[in-house]
Amino acid sequence: MTILQNQIVGKKESVTDELLLLNPHQTPMISLVGFGESVSQVEHQWFEDEMYADETTTTATALIDATTIKVADGSIFQAKHVIKVGEELMLVTVVNANDLTVTRGYAGTTAAAVGNAAKVEFQFVEGVEGADARKARFKSRKRVSNLTQIFDESISISGTAAATSEHGIDDLYEYEKQKKLLELALQLEKAVINGVKYESGDGKVRQTGGIRNFIQTNVKNAAGGDLTEDMLTDAFQAIYEAGGFATGGNYKIVVGAKQKRAISKLGADKITLERQDNGRGQVVDHFLSDFGAAEIVLNNNVAADEVFVVDANRTEIKPLKGRDFTHQYLGAKGDYVEGQIVGEFLLEFKQEKAHARIKGLK
């Protein structure tokens, strides 16, 4: 059947699925998490909730008979809370910002001097028979958002080039289209990792925030040191203490070539399991810690001096509705033909405390 130009000019064809067939060593993050459901706005918002923390630290010393304990975060306490410092229990009677007025030696425990940076743990409330209802506590949900980013490339083939036989290339236009699609996939991969959330004043330029931009809490600066097992275990512990493993996280250690070699040097007792199946198209190892296991994913787009610990279950790449990668043939514009590939995507990265980053490595 003959296909006329007016039947294909301006028609869009989805090429997003072709991205998933690319070599995952070029775009391992896209291969790892794939594409989620589309979003309907250029600023996509989601809400995150968390429970009150149950511990903090002191910010000053307190003598054995002191009734005021200064803490780093007083918001997690209320009057009638029982707290524990060392082996001593205390009853909180008044909370004034980060100053706790307490009754010392509660429940017959022995009062002791309190040092600076001592751990202060919430234990339970003091329940009193026949008491009025306790004042409720409410922690507002946190609104988090990211912006969509446009990725586009054009294809232009001269009439002479299209007519000239190229060695091993039957369809020069299709060949160039595949090259441009790979270039866009690499751009999206880099944005997912390195992107910084940004919007111009007129709103016409938007950039999506990447993994590095999101992770702010569990960040360890190695200050030029070598990667160690303790650094990785500390990262997993921080995630564990934030509740990251409570929902069965699917954790990956994402590294560049240099730090992959550093992890391999940690010892055969640390890196022991090689996956035999290539379900995602990549061969990966596992790091085993006291808090869980994680696959090691090699990604050449990660900086040589950093390591990411990422929960793939909380990570998704999402297109704007109707703006997944599509190719549109624009037709003849003279003695040449043109086409365009356009897509608009963002990174949805939930609960940044459930992820970690080690930076400044040697």
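Me: How far does helix α7 reach from its first C-alpha to its last?
Reply: A word on the ground rules: this is a predicted model, in which local features need pLDDT of at least 70 and side-chain atom pairs count only at pLDDT 80 or more, while totals for chains, interfaces and linings use all residues. Residues are numbered from 1 along each chain as its sequence is written, and side-chain values use heavy atoms, leaving out hydrogens and water. Helices (H or I, at least four residues) and strands (E, at least two) are DSSP runs, numbered from the N terminus, and the expected span of a helix is 1.5 Å times one less than its number of residues. Helix α7 covers residues 229-241, 13 residues in total, and its reach is close to the expected value of 18 Å, coming to 18 Å.

Me: Which residues of α7 are buried?
Reply: Buried means under 20% relative accessible area, exposed means over 50%, and partly exposed is in between (1.4 Å probe, protein chains only). In α7, that gives Met 231, Leu 232, Thr 233, Ala 235, Phe 236 and Ile 239.

Me: What do the buried residues of α7 pack against?
Reply: Contact here is heavy atoms within 4.5 Å. The packing partners of the buried α7 residues include one helix, α8 (257-264). The strands they pack against are β14 (251-255), β16 (285-289), β17 (292-298), β18 (307-311) and β22 (356-359).

Me: Which residue takes a positive phi in the hairpin of β5 and β6?
Reply: Two strands pair if DSSP finds at least two bridges between them. Strands β5 (residues 81-85) and β6 (residues 88-96) have 4 bridges and are antiparallel, with Val 82 opposite Leu 91. Their hairpin has 2 residues between the strands, and the residue with a phi near 65° is Gly 86.

Me: How many bridges join β6 to β7?
Reply: Strand β7 spans residues 99-103 and runs antiparallel to β6. One bridge brings Val 94 together with Thr 101. The hairpin has 2 residues between its strands, and Ala 97 in the turn has a positive phi of about 60°. The number of bridges from β6 to β7 is 5.

Me: How many residues apart in sequence are the parts tied together by Glu 344 and Arg 206?
Reply: A salt bridge is a side-chain nitrogen of Lys or Arg within 4 Å of a carboxyl oxygen of Asp or Glu, and the count comes to 16. Glu 344 counts as buried because its relative accessibility is 2%, and Arg 206 is buried as well, at 14%. Their closest N and O atoms are 2.5 Å apart. Since Glu 344 lies in strand β21 and Arg 206 in strand β12 (residues 206-207), the separation of the parts they tie together is 138 residues.

Me: Why does Glu 183 count as partly exposed?
Reply: Glu 183 and Lys 180 form a salt bridge, with 4.0 Å between the closest N and O atoms. Both lie in helix α5, 3 residues apart, which is about one turn. Lys 180 is buried at 19%, whereas Glu 183 counts as partly exposed because its relative accessibility is 32%.

Me: Which helix holds Arg 212, the partner in the pair with Glu 306?
Reply: Glu 306 is buried, with a relative accessible area of 1%, while Arg 212 is partly exposed at 22%. Their side chains meet in a salt bridge of 2.3 Å, N to O. Glu 306 is in the loop between β17 and β18, 94 residues away from Arg 212, whose helix is α6.
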